[in-house]
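The entries follow the order in which I worked.

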Amino acid sequence: MTSPLILGLESSCDDTAAALLRGRDILSSVVLGQNQLHAAYGGVVPEIAARAHAERLDVAVKQALDEAQVSLDSVDAIAVTSGPGLIGGVLSGVMMAKGLSIGLRKPLIGVNHLAGHALTPRLTDDLPYPYLMLLVSGGHSQFLLVRGPQDFTRLGGTIDDAPGEAFDKTARLLGLPQPGGPSVEAHAKKGDETRFRFPRPLLDRPGCDLSFSGLKTALLRMRDQIIAEKGGLTEQDRDDLCAGFQAAVRDVLKKKTARAIALYLDESPAFPALAVAGGVAANQELRGALEALCDEHGLKFTAPPLHLCTDNAAMIAYAGSELFAHGITHDMSLSARPRWPLDSKAAPLVGSGKKGAKA
């Protein structure tokens, strides 16, 4: 039996994306970024992002159809991010999907953006349930037990700045270009991580929750102290500050991941695995630490390719396909949601990140 052809739409923050997927075959994946629109503001401006989505969603869909060499009529269902995220962008995608659903008379599937990230390892590696997921990105950071397309248990998450957000803020504090993650990593490779000893937040407390706001503040104070003493920052100062900051993030993530692994192994999974997704997963220092941890505990380590770790519509199409296979579709009452926790039983996380509302 031929797998259904799913059109996925993603517009939760500053990437307008469309993709066509059949089974685990990505026929096309189009991502129209907005970096130039927001560059002058030092971050994503929600109103500008929402307007750009409204203007570009149809362009992204046409490009995806052309690349996949399929017609719009051949689509079997439309999957769309309906939360969490910047509400204007989410609403743009949902309204576009509803219009397509009505016009084509095809099923509509609302997808949780975080579920898209969390299910990506099944798209790329056919990873069997249950697995441990570390979602670590610009605005979200969570440890999740993934047991099914709608069955998530959150073991812990970020209570303030997510790691990617902290990397971006660190880059701005040091006058480095955005996005901050690659900039900080490049300078850290040339630096001495032992010169500045930054705090390792929440390691003295039990559990898997994360906090990086205090780490960013510590770096700000150290930067100001150096400037006060020397009248400015040398290139070596920047390298060493980046190295010390990255080492602190690495140590925190490694320790908290070890705690999450212990909780996950209590489930006695047949094929124990840790999946890491999100832009921060591209950081080689952090990734190496997590791979070593998996080797130590006998887990398979998997991380999707970077283009599927950042926001994209292929992951939304795949998450939609799993829901569709379970007979789950939505009607025109589907709403755009700024907040939408994957684990509805867990206490809400505090704060809101650059990439949308935390959930």
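**Entry 1: Ser28**

I looked up Ser28 and found it buried, with a relative accessible area of 3%. Here buried means under 20% relative accessible area, exposed means over 50%, and partly exposed lies in between, with a 1.4 Å probe and protein chains only. I note that this is a predicted model, in which local features need pLDDT of at least 70 and side-chain atom pairs count only at pLDDT 80 or more, while totals for chains, interfaces and linings use all residues. Residues are numbered from 1 along each chain as its sequence is written, and side-chain values use heavy atoms, with hydrogens and water left out.

I placed Ser28 in strand β3 (residues 25–33). Helices (H or I, at least four residues) and strands (E, at least two) are DSSP runs, numbered from the N terminus. Leaving aside residues up to four places away in sequence, I listed Ala18, Ala19, Leu20, Ala64, Glu67 and Ala68 as touching Ser28; contact means heavy atoms within 4.5 Å. A polar atom of the Ser28 side chain lies 2.8 Å from the backbone oxygen of Ala64.

**Entry 2: strand β4 and its partners**

I then turned to strand β4 (residues 77–83), where seven of its seven residues are buried. Strand β1 (residues 5–10) runs parallel to β4 and is joined to it by four bridges; two strands pair if DSSP finds at least two bridges between them. In this pairing, Ile6 stands opposite Ala77 of β4. Strand β5 (residues 108–112) also runs parallel to β4, with five bridges, and I found Ile109 in β5 as the bridge partner of Ala79. From β4 the chain crosses through helix α3 (residues 87–104) to β5 in a right-handed β-α-β crossover. Right-handed means that, with the strands pointing away from the viewer, the path from the first strand over the helix to the second runs clockwise.

**Entry 3: the five-stranded sheet**

In what order do the five strands of the open sheet stand? I read the order as β8-β7-β6-β9-β10, with mixed pairing. At the edges are β8 (151–157) and β10 (300–302), each of which pairs on one side only. Neighbouring strands of this sheet are turned by 20° against each other on average, direction ignored. Axes are lines fitted to C-alpha atoms, for helices over the stretch in contact, and angles run from 0 to 180 degrees between N-to-C directions.

Strand β7 (residues 141–148) pairs with β8 in the antiparallel sense over six bridges, and the two form a hairpin with two residues between them. I noted two pairs: Gly148 has Asp151 in β8 as its bridge partner, and Leu145 stands opposite Thr153 in β8.

**Entry 4: backbone points**

Most residues other than glycine have a negative phi, and most peptide bonds are trans. I therefore recorded the following cases against that background.

- The peptide bond from Gly83 to Pro84 is cis, with omega near -15°, and Pro84 is found in the loop between β4 and α3.
- Tyr129 and Pro130 are joined by a cis peptide bond with omega about -10°.
- Gln69 has a positive phi near 55°; this residue is exposed, with a relative accessible area of 73%.
- Asp126 has a positive phi of about 50° and is partly exposed, at 44% relative accessible area.

Terms used
Polar contact = N/O pair within 3.5 Å; in protein donor to acceptor, adjacent residues only side chain to side chain.
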